[in-house]
Amino acid sequence: MNPYILFTLLSGLGLGTMITFTSSHWLLAWMGLEMNTLAILPIMAQHHHPRAVEATTKYFLTQATAAAMLLFASTTNAWLTGQWDIQQMTHPLPTTLIIIALALKIGLAPMHTWLPEVLQGLDLTTGLILSTWQKLAPFALLMQIQPNNSTMMIMLGLTSTLTGGWGGLNQTQLRKILAYSSIAHLGWMMIILQFSPPLTLLTLLTYLTMTIAAFLIFKLNKATNINMLATSWTKAPLLTSLTPLILLSLGGLPPLTGFMPKWLILQELTKQDLPLTATLAALSALLSLYFYLRLSYAMTLTMAPNNLNGTTPWRLQTIQHTTPLTLTTTSTISLLPLTPAIMTLLTP
């Protein structure tokens, strides 16, 4: 793709997200989401591969449906209450419709079926943008909505954590595993959203850091399925020894960084007298942990098959920029001791 066109599209992507961040009017928020969607579509389809075009089409139809539902719900809210302000959502009908529309946009269960298929059809760089940056604008809107009861948010969150765990168990494609990982992490954020927004923000930041690190590692190794992870030791032996720490951190294994938000969320749910919700969420984390253990095992404890048809990739000088990978890997491994300082900064 021409660098000027790519710069224009990425600028549109950032501008659309910023418009949604800074808007207090539903029409402007909807316009920012639409700019965001239209800017990423050419980036997704840039390779002109049938899988990429199929993924782009699925993504466009899903996002268009969610945007239409969002516009309809905000117009209904203005008709019923005379309010266009995002923080003045008082009627339960448009509030419920908007939550469903935003859940469809970010891929929460049971509106999640498009996300693994779309992510599987993209390259790892575009998949990284889809899994991180594209979640920010809808989440900014979700954090501003205060529904009358939080039962729907908790049900969406629990369904997502369980679906993300179960769905990733039998996958061999890394992009689909990361998609189900995204669904599970978004579920944890939705469970706690109404009780502690700063904790949701902390969970989102740690998720972004860990996911960026995982995507960049797979991109450096040019790995798209579990079997290709077995050859990573010849390409980057030091990184291969650190990767299980990042994968298990995504799974929430103590004493790694991913354990921090899950522990704080379970603590907050217990304080809110929701022991059953906390128990189900904790059990769903075990499902996610299993397939991260699978990836760690395949990467560090298995050997690549040596046959005459394939050659083992040897260590070559990489042409990729490794600074983002270094920063996110260091953050993922070392953020847990900084938990008290981070919580002090996030607590108003």
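## Surroundings of Y59 and I40

In this predicted model, Y59 contacts T37, I40, L41, M44, W114, V118, L130 and Q134, leaving aside its neighbours within four places in sequence. One of these residues, I40, belongs to helix 2 (residues 26–44).

I40 has a relative accessible area of 0% and is therefore buried, the limit being under 20%. Not counting residues up to four places away in sequence, I40 touches L13, Y59, I129, L130 and Q134.

## Nonpolar cores

The largest nonpolar core comprises 76 residues, and W26, Y59, I98, V118 and F218 have the most contacts inside it. Helix 10 (residues 197–221) contributes the most to this core, with 11 residues. Domain 1 and domain 2 each supply at least three residues to this core. A second, separate core has 15 residues, among them I154, L264, A278 and A285.

## Interface between the domains

The protein is divided into domain 1 (1–148) and domain 2 (151–168 + 183–192 + 203–304 + 323–343). Their centres, taken over C-alpha atoms, are separated by 24 Å. At the interface, 24 residues of domain 1 are in contact with 21 residues of domain 2.

The two domains bury about 1900 Å² between them, with 87% of it on carbon and sulfur atoms. In domain 1, L108, L124 and F139 lose the most area to domain 2, together 30% of what that side buries. Between the domains there are 0 salt bridges and 2 residue pairs in polar contact. Helix 4 (92–106), helix 5 (114–120), helix 6 (124–131) and helix 7 (133–144) are the elements that each give two or more residues to the side of domain 1 touching domain 2.

How values were computed: Residues numbered from 1 in each chain as written. Predicted model: local features only at pLDDT ≥ 70, side-chain atom pairs only at ≥ 80, totals over all residues. Heavy atoms only, no water. Core = buried A, V, L, I, M, F, W, Y, C linked by side-chain atoms within 4.5 Å. Buried < 20%, exposed > 50% of the residue type's maximum accessible area, 1.4 Å probe, protein only. Helix = DSSP H or I, 4+ residues; strand = E, 2+ residues; numbered from the N terminus. Domains from an automatic or database assignment. Contact = heavy atoms within 4.5 Å. Buried area = accessible area lost by both parts, 1.4 Å probe. Salt bridge = Lys/Arg side-chain N within 4 Å of Asp/Glu carboxyl O. Polar contact = N/O pair within 3.5 Å; in protein donor to acceptor, adjacent residues only side chain to side chain.
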